Amino acid sequence: MIGSPGIAFQAVLDAAPLTYIRRLLGEHACELLALLQDGSAEDAIRKVAASAVSPEQLISDPEERAQLLELLPEGKKAELAERLGWDTSSSLAGFLSALPWTLEDRRAFLGFLGLVVDRAPEVPVSSRRPSEPSYGLFPHQRRAAGKVRRLLYSGERRTVLHLPTGVGKTRTGMDLICDHLRQHEPTLVVWLARGRELLEQAALEFERAWASLGNREVTVARMWGDAPTDLDDITDGIVVLGLEKAGAAAKSTPGFLDQLALRTTLTVFDEAHQAIASTYRRVAEALTLRSDSSFLGLTATPGRTWADISEDEKLADFFARQKVMLEIDGYDNPVTALIEQGYLARPNFRTVAADSGMKLSARDKQALAASFDIPDELITGLADNVQWNLQVVRTVLDLSEQHWRILLFAASIEHSRLIVAILSMFGIDAEQVTGESSTRHRDRVINRFKGPGTRPMVLSNYGVLTTGFDAPAASAAVIARPTRSLVLYSQMVGRVIRGPKAGGTSTCDVVTVVDPALPGFGDVAEAFTNWEDVWKAR
């Protein structure tokens with residue numbers, strides 16, 4: 001059939017630069033026409049090109065198609081886009097570049113050019129064409145996954161996968177899980193995590209992974225919040241289990257963990273540095289009693305604390321001191337390599353000081369020395385301090401002139417609410433999520449933050465977005481939550497450090513608001529190698 005009138009292919013070529021037409025025809029053909037026309041061959045070249053050049057090949061080749069689209073007048077380009085489904089809510093150029101250009105899309109383009117489209121556009125013939133996997137891993141992820149497999153199925157059958165924040169530990173873990181389910185049919189895998197965001201992220205990521213890597217229908221059981229812990233008919237697949245839910249179920253239904261353990265051959269503990277907390281450890285131990293059961297921990301920070309080596313030793317012992325650390329040839333610290341190669345954003349760390357005038361008493365200093373983190377009463381004092389909040393607001397306002405999506409880590413729920421109110425007064429699009437936020441509000445705000453939007457947006461939070469939150473477009477973080485926890489600090493930084501090869505940004509700004517009287521951190525690479533000595537075999 002003939003496509004409806006749009007614009008003639010000949011008309012496009014008539015308006016195109018002669019250099020473009022000559023390239024399509026090739027210099028030999030152009031020389032031939034020049035000889036035939038006694039040297040004046042421009043008209044002939046254009047006419048011949050309309051017949052000699054294959055529009056199907058131009059439209060099938062991404063680079064040639066892009067150049068052909070650029071030759072269309074803007075009005076005709078918009079007309080074509082509307083035929084292809086453009087609703088004008090997005091940019092014209094963005095729509096055309098993001099279009100998958102399926103067989104039907106290419107047929108429509110041919111018809112728009114007034115050409116016969118009773119056959120499929122031809123794809124250029126080549127003996128070598130790349131085939132992209134729909135759920136592939138980067139080379140460094142594949143190497144790490146291979147090492148993990150060797151440890152999971154021999155000896156102690158347990159290990160920790162240690163990847164920097166933003167480098168895809170969840171995706172790598174799901175590849176391992178899918179491989180395990182294919183090799184052990186039927187069986188259950190249990191994914192343990194704390195917090196709704198991490199749990200839902202895991203369930204959705206497994207569904208994406210299994211859709212590409214699976215070989216049969218399996219069950220995806222979500223068990224957290226108010227969901228039941230009924231194990232009837234759950235014998236093959238994955239149970240995404242909240243740690244709090246597991247602990248509560250173990251008390252209310254004494255046989256729950258035993259029944260689940262009998263069917264489970266792989267347990268995965270996300271944020272594995274939490275695994276030796278007494279309640280969580282009992283859950284993990286109960287699920288790994290089978291002799292053929294494997295235990296995998298995932299973390300970017302394989303330590304419990306910054307300075308208490310005894311706690312870190314317990315964690316290492318729990319995983320048999322077996323840890324697979326990301327290694328990249330030629331680099332002492334893989335974080336540096338991942339930044340240079342574009343997997344991580346290049347972070348610009350800086351601090352801004354806010355002298356609150358706070359004077360630490362002898363009791364405050366004792367509390368700091370005895371605590372793994374800054375005591376709550378000191379943080380509360382800062383959250384109410386005028387100079388501190390002034391510096392936080394100024395920092396966010398400055399960043400909003402350069403960044404489209406900014407994360408703010410507040411010192412408390414009340415602090416977050418105050419800063420958001422002040423930013424809104426200044427005309428900044430600012431929202432907050434905290435532990436008090438409803439599920440509906442949290443989902444709405446987060447989805448809007450992840451969306452394209454029409455102006456810069458600030459998302460403030462307290463205690464809910466340090467893990468399990470993925471917004472690659474976020475390119476700046478303001479850390480207004482003082483901490484001496486290297487684990488917590490690296491988790492906050494990790495929310496904005498995803499690089500362009502992982503769907504993020506090439507650079508990011510991390511601004512920590514500090515009080516000179518309190519300790520803090522300033523380099524995410526420090527967190528990655530901090531605990532290496534602890535994991536060495538004794």
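How many bridges pair E3 with strand E4 (residues 237-242), and in which sense? Select both: they pair over five bridges in the parallel sense, where pairing takes at least two DSSP bridges between two strands. Strands here are DSSP E runs of at least two residues and helices are H or I runs of at least four, numbered from the N terminus.

A note before moving on: this is a predicted model, where local features need pLDDT of at least 70, side-chain atom pairs count only at pLDDT 80 or more, and totals for chains, interfaces and linings use all residues. Residue numbers start from 1 along each chain as its sequence is written, and side-chain values use heavy atoms, with hydrogens and water left out.

Now show the whole open sheet, seven strands in the order E3-E4-E2-E5-E6-E1-E7 with parallel pairing. E3 (219-223) and E7 (323-325) are the edges; each has a single partner strand, so one side of each has no neighbour in the sheet.

Next, select strand E10 (residues 429-434). Six of its six residues are buried, meaning under 20% relative accessible area with a 1.4 Å probe, protein chains only. Asp 429, Glu 431 and Val 433 point one way, while Ala 430, Gln 432 and Thr 434 point the other. In a regular strand, side chains alternate between the two faces of the sheet.

Last stop: Thr 434, which stands opposite Tyr 462 in E11.

Definitions and conventions. Buried < 20%, exposed > 50% of the residue type's maximum accessible area, 1.4 Å probe, protein only.
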